[in-house]
Every structure is written in structure tokens, then in C-alpha cells.
Amino acid sequence: MKRSTRILFVLLAAALLAGCASKTPMLKKQSAAQRDLGEAYLSQGNYTAALKELLEAESLYPDDYLLQDDLGKAYTAKERYETALIHFQRSIDLQPDYGPAKNNMGSVLLLMKRWDEAIEVLNQVSDNILYATPHYPVYNLGWAYYNKKMYATAISYYNKALDIQPEFVLPMRGIAMCHMAEGRLADATHWFEKAVKTAPKFQQLHYELAGVYLRSGAYEKAKSTLSDTIAIDDQTPIAAKAERDLKALSI
């Protein structure tokens, strides 16, 4: 290659690189706008529309850790778990200390019943003192150990979550379920009652409390609680089950 040709090639390459560099801020801005729209659809539960916007944002600028986390959440909602894991991992690769993506990855692994992998990921978040909502990964760790039938360990994590956020109802339910699995009905009743008091509109809790009353032989309390379950919303599958149970008790 002649010297003049080499110089021309270098100049053209430099111009191309400069052009790409000048476009990057604009593409990032456009991508962020698309991401914001996708997040709005996510919050509304319109996951198909969210995924469309987020994929368009990715085509403009893929190296956004927030966008990759959003894509993971959208694919999770669509029950495309393996694809969701890819995007959560991409988010973590781009921003290794981004706790939400790790917690979201752990949550998907829980949905896939990959308990040990979930525990490994969630431990990374629960140990991160900068994570703004540590009670979520700690609760998720409790759920993983519950499913491994390690009830004492599960309860310890649920209690830790309650130490962080005392009104967090899910670990209350988790402790009750652990006691149910161990056959400790009085303790299970106490925690289900506490959970129902904390979240009186949480229909599943009412139904589960009625179940504990039934197992304990407290039939009148069971009937009353089943009625409460139905009263919350009589159009749900849980209400239909409560109606069947209530009818069986009334025979």
C-alpha cells in the first residue's frame, strides 16, 4: 500500500470513528426515552408493549444496565425465564454492584426451582450494605430454604427480613408456612393472624388462616375466616375455593 493510500485510509477510519462517537450520546438519549416508555408499560402490566419498546431501546444502545434489567423483568413476566436470566446477567456484567438485577435474577431462579443457584446469587445482594431494599433478597433466601425443607434456616432469614422491615407481610406468611410444615399449628396460627392483621386485604392470607383453623378443629373460626376471604373479592379463584370449603363445612 502506497504511503498516500495509507494516509487516506487512516483519515477515513478516523472520520468514521469520530462520526460514531458523535452519534453515541444521541443514541443513548433516544434509547433512554424508549426505555422510559417501556418501564411505563411494565408498571401498567402491559408486558407485550413494554417488551416492544425495550427491544427498540436495545437496538439503539444495548450497553445500558438499567435497560437490560428491564428486559429481564419483561421476559420474566412473559415466563421466558431463560431469556430473562441472560438479560439480568448482562445488566450485572455492565454494572457489577447493581443489586436489583441480582435480586431479580435470584427471583427467576426461584421460579425455576433452582434453589441452590438462587441462594448463591441472593447472598451476593443480602451482603451488599449499599442495597436500598435488602429485605427483599433476605426474604427470597428464606423462600429458597423453605423449599429445601430447611425450615429453621428459612425462619432465621424471614426474621432477619422482619428486623429490616417490620411490616413486611411476606416473611410473616413464610414463618407461618414453616410452622405448618413442622406441624406446629399454634405457632402457624399466631403468624397467619399477625399477617392478616398487617395486610387485611391480602386474600390468600385469609384463606390460609382458615386452613389452619380447620386443621386445628376451630371450625367456627374457619367458617368466619372463609366468609372474610370471599368478602374481599368474590370473583377470584381463591374465593371460589373458599365458597366450596364453606359449603362443605355447612353440610
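So, is Gln68 buried or exposed? Gln68 comes out at 2% relative accessibility, so it counts as buried (that's under 20% relative accessible area, with exposed being over 50% and partly exposed in between, using a 1.4 Å probe and protein chains only).

Before I go on, some housekeeping. This is a predicted model, so local features need pLDDT of at least 70 and side-chain atom pairs count only at pLDDT 80 or more, while totals for chains, interfaces and linings use all residues. Residues are numbered from 1 along each chain as its sequence is written, and side-chain values use heavy atoms, with hydrogens and water left out.

Okay, the overall picture. We've got 13 helices and zero strands.

On shape, the C-alpha atoms fill a box of roughly 95 × 35 × 25 Å along the principal axes.

Buried residues make up 40% of the 251. As for charge, there are 29 positive and 29 negative side chains, and the centres of the two sets sit 5 Å apart. Lys and Arg count as positive, Asp and Glu as negative, and His and the chain ends are not counted; each charge is placed at NZ of Lys, CZ of Arg, CG of Asp or CD of Glu.

Back to Gln68, then. You'll find Gln68 in helix α3, residues 65-77. Its side chain makes a polar contact of 2.7 Å with the side chain of His87. By polar contact I mean a pair of N or O atoms within 3.5 Å; within protein, one must be able to donate a hydrogen and the other to accept it, and residues adjacent in sequence count only if both atoms are side-chain atoms. Setting aside neighbours within four places in sequence, Gln68 is in contact (heavy atoms within 4.5 Å) with several residues, including Glu58, Pro62, Phe88 and Leu94.

My other pick is Ile230, over in helix α12, residues 219-232. Ile230 has 15% relative accessibility, so that one counts as buried too. And what does Ile230 touch, not counting residues up to four places away in sequence? Ala239, Ala242, Glu243 and Leu246. Leu249 is 19 residues from Ile230 in sequence, and the two are 15 Å apart in space, C-alpha to C-alpha.

Methods. Helices (H or I, at least four residues) and strands (E, at least two) are DSSP runs, numbered from the N terminus.
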